[in-house]
Amino acid sequence: MMGGMSQNNPNQKEELYAVVVGLVQGVGFRYFVIEKALPLGLNGYVRNDSNGDVEVVAQGTHSALEQLLALLRRGPSAAQVQDVHVTWREPTEHVSGFHVRW
């Protein structure tokens, strides 16, 4: 298990930090992430990086974060995801809702 996360409590909040690499800007990726994260009960944000990547910070249960991660690897139909760099960590800040950050 990475990042020292404990799976002893399945309801424990964790944080997924992901950087999505590829053709992921200008294809509705940020709104795709929000559309998928909200029904999973996740909180967090998504934003474009100046280098063309998309950064995602999501907080929730490990199983819900794993579901989101699988969706990030696929992306919306117009995207071409080359890689997703993932870091599992303790929540770094309290985020409510799921939104685009600029």
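This is a predicted model: local features need pLDDT of at least 70, side-chain atom pairs count only at pLDDT 80 or more; totals for chains, interfaces and linings use all residues.
Biologist: What makes the span of H2 close to the expected one?

Modeller: Helix H2 covers residues 62-74, 13 residues in total, and its first and last C-alpha atoms lie 19 Å apart.

Biologist: Which residues of H2 are buried, and what covers them?

Modeller: His 62, Ala 64, Leu 65, Leu 68, Leu 69, Leu 71 and Leu 72 are buried. Their cover includes strands E1 (14-23), E3 (54-60) and E4 (80-89), together with helix H1 (29-37).

Biologist: Why is the pair of Arg 89 and Glu 15 called a salt bridge?

Modeller: The N to O distance between their side chains is 2.5 Å. The cut-off is 4 Å, so the pair qualifies. Arg 89 belongs to strand E4 and Glu 15 to strand E1, 74 residues apart, and the pair thus links distant parts of the chain.

Biologist: Why is Glu 15 called buried, and Arg 89 partly exposed?

Modeller: Buried means under 20% relative accessible area; Glu 15 has 0% and therefore counts as buried. Arg 89, at 26%, falls between the limits of 20% and 50%, so it is partly exposed.

Biologist: How do you know that Glu 35 is exposed?

Modeller: Its relative accessibility is 53%, and exposed means over 50%. Glu 35 forms a salt bridge with Lys 36, the closest N and O atoms being 3.7 Å apart.

Terms used: Residues are numbered from 1 along each chain as its sequence is written. Side-chain values use heavy atoms; hydrogens and water are left out. Helices (H or I, at least four residues) and strands (E, at least two) are DSSP runs, numbered from the N terminus. The expected span of a helix is 1.5 Å times one less than its number of residues. Buried means under 20% relative accessible area, exposed over 50%, partly exposed in between (1.4 Å probe, protein chains only). Contact means heavy atoms within 4.5 Å.
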